[in-house]
Amino acid sequence: MKKMFMFSWQISAHIQVVNTIYKIPFLGKYIGLIFDRFLFIIYGIELESRAVQVDNLDIPHPGGVLLGGNSIVSKGPLAIMSGVKFVAKNPIDLENYLKKNKAVFQLGQRIFVGANSVIIGPIKICNDVTIG
């Protein structure tokens, strides 16, 4: 249990640090992308930190998780198991959608996403949902 808590804390801290690094003029974006690559190499989680805005992210089994470069927003706890992928349908539609909305994936509170699930956005998911 202690190792799982430490891992969740490390992912949350990584996202906060990289979001701060992105604010550095000129090189911040590139340094942030390098930090995200390290996360992929170490834990097997592919994500773009500036696009993940989750208050309480828990990934107990990190292998093969893809949190796409699209925006993922959740104000409550979000638990993601191994092999979960968040993807968008079409880049052309995505650009038009992002002009009107803040995020491709708008998730409610207390969401659990089971192993090897694929969530295709844009989508809004309400509170207390189990996907799997």
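1. Let's start with Phe-105, which is buried because its relative accessible area is 0%. Here buried means under 20% relative accessible area, exposed means over 50%, and partly exposed is in between (1.4 Å probe, protein chains only). Keep in mind that this is a predicted model: local features need pLDDT of at least 70, side-chain atom pairs count only at pLDDT 80 or more, and totals for chains, interfaces and linings use all residues. Residues are numbered from 1 along each chain as its sequence is written, and side-chain values use heavy atoms, with hydrogens and water left out.

2. Which residue forms an aromatic pair with Phe-105? The count comes to one aromatic pair, and Phe-86 and Phe-105 form it edge-to-face, with 5.1 Å centre to centre and 80° between the planes. The pair links distant parts of the chain, as Phe-86 sits in strand 5 (residues 85-88) and Phe-105 in strand 6, 19 residues apart. The rule: rings of Phe, Tyr and Trp (its six-membered ring) pair if their centres lie within 6.5 Å; planes under 30 degrees apart are stacked, over 60 edge-to-face, and the rest tilted.

3. Phe-86 is buried too, because its relative accessible area is 1%. Leaving aside neighbours within four places in sequence, its contacts (heavy atoms within 4.5 Å) include Leu-67, Ile-80, Phe-105 and Ile-119.

4. Phe-86 is also among the residues with the most contacts inside the largest nonpolar core, alongside Leu-57, Leu-67, Leu-78 and Ile-80; this core has 24 residues. Such a core is a set of buried Ala, Val, Leu, Ile, Met, Phe, Trp, Tyr and Cys residues joined through side-chain atoms within 4.5 Å.

5. Now look at Ser-74 in strand 4. Is Ser-74 buried or exposed? Ser-74 counts as buried because its relative accessibility is 1%. Away from its sequence neighbours within four places, Ser-74 is in contact with Gln-53, Val-54, Asp-55, Leu-107 and Gly-108.

6. Phe-40 belongs to helix 2 and counts as partly exposed because its relative accessibility is 35%. Phe-40 is one of the residues making a nonpolar surface patch of about 1200 Å², and helix 2 (residues 28-43) gives the largest share of that patch, nine residues. Patches take residues with over 30% relative accessible area and no salt bridge; like charges are joined within 9 Å, nonpolar side chains (Val, Leu, Ile, Met, Phe, Trp, Tyr) within 5 Å. A salt bridge is a side-chain nitrogen of Lys or Arg within 4 Å of a carboxyl oxygen of Asp or Glu.

7. Overall, the protein has three helices and 10 strands. These are DSSP runs (helices H or I, at least four residues; strands E, at least two), numbered from the N terminus.

Key: Areas by Shrake-Rupley, 256 points an atom, 1.4 Å probe, with all protein chains shown as cover.
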